Amino acid sequence: MLDPSRMPAHVACIMDGNGRWANERGLKRTAGHEQGEQALFDTVDAARELGIGWFTVYAFSTENWKRPPEEVKFLVNYSRVILDRRRQELHDRNIRIRVIGRRNWRVPRGVSKRIELAEELTRHNTGLTFTVAFNYGGRAEIVDAVRAIVAEGTAPGKIDERTIARHLYDPDMPDPDLLIRTSGEERISNFLLWQIAYSELVFSDTLWPDFGREPLIAAIAEYQARDRRFGKI
Ligand code: IPE
Ligand code: IPE
Ligand code: MG
């Protein structure tokens, strides 16, 4: 059972294992990504019902461009399809959609247009904030922040941690309390490097297409059993 007084305010998730899920079934990797869509929206719904304020997922990394061109093409196009298919239902659930990542580098106009549409439609929603990291890299985000700070002519001595945080892709986003990675891999793969300084990490063996409400609850239960000290005793 979850303790309602100790719910994480922000849960972030590295959705991993779609390819292996498909391989295990003798299917093409893209079938794993398709199955992952259902897992994603089941998890979003569960997060919303649990009263979590912020839910962030890693959908496509700056390194994922190195995959075979057919898979890259599928993933990029699929993100457009999903935004078209899910925008309205997320809006109906009072969910605010946000996208973090390099918007104007390699992203086709059709995709960036859908991103703008979804963000605009759901801008004033007050329920869950659902953030999608697309064409996202943690190092690229820090580079972009530094570029913006330098471009503003900020004096070196005036730069502190808050300055960096204010120049990240979404300055309003609180740091994740809990970071989940599925599929048994135990690494960060360039996700939210700045923001996870004090996040609790939970690694789940479940492949992403099998993820959903129950595995999410299990991960939160593990989080609630942790003792967060933030350097104190
Ligand atoms: C996660 O599943 C989806 C993306 C990275 C876009 P993978 O495609 O990485 O699946 P595995 O890790 O190869 O099983
Ligand atoms: C991380 O998964 C990126 C996303 C989930 C979008 P990868 O499957 O790309 O990570 P590595 O290559 O195993 O580190
Ligand atoms: Mg993977």
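**The site of ligand 2**

Modeller: A residue counts as near a molecule if one of its heavy atoms lies within 4 Å of it. Around ligand 2 these are Ile-14, Met-15, Asp-16, Tyr-58, Ala-59, Phe-60, Asn-64, Arg-67, Arg-181, Arg-187 and Ser-189. This is a predicted model, in which local features need pLDDT of at least 70, side-chain atom pairs count only at pLDDT 80 or more, and totals for chains, interfaces and linings use all residues. Residues are numbered from 1 along each chain as written, chains are lettered from A and ligands numbered from 1 in the order written, and side-chain values use heavy atoms, without hydrogens and water.

Colleague: Which polar side-chain atoms lie 2.6 Å and 3.3 Å from an oxygen atom of ligand 2?

Modeller: A polar contact is a pair of N or O atoms within 3.5 Å. Ser-189 supplies the atom at 2.6 Å, and Arg-181 the one at 3.3 Å. The side chain of Asn-64 also places an N or O atom 2.9 Å from a ligand 2 oxygen. Taken alone, ligand 2 exposes 390 Å², of which the protein buries 77% (Shrake-Rupley method, 1.4 Å probe).

Colleague: Which element gives the largest share of the shell around ligand 2?

Modeller: Strands are DSSP runs of E with at least two residues, and helices are runs of H or I with at least four, numbered from the N terminus. Strand 2 (residues 54-61) gives the largest share, three residues. The protein has seven helices and six strands.

Definitions and conventions
A polar contact is a pair of N or O atoms within 3.5 Å; within protein, one must be able to donate a hydrogen and the other to accept it, and residues adjacent in sequence count only if both atoms are side-chain atoms.
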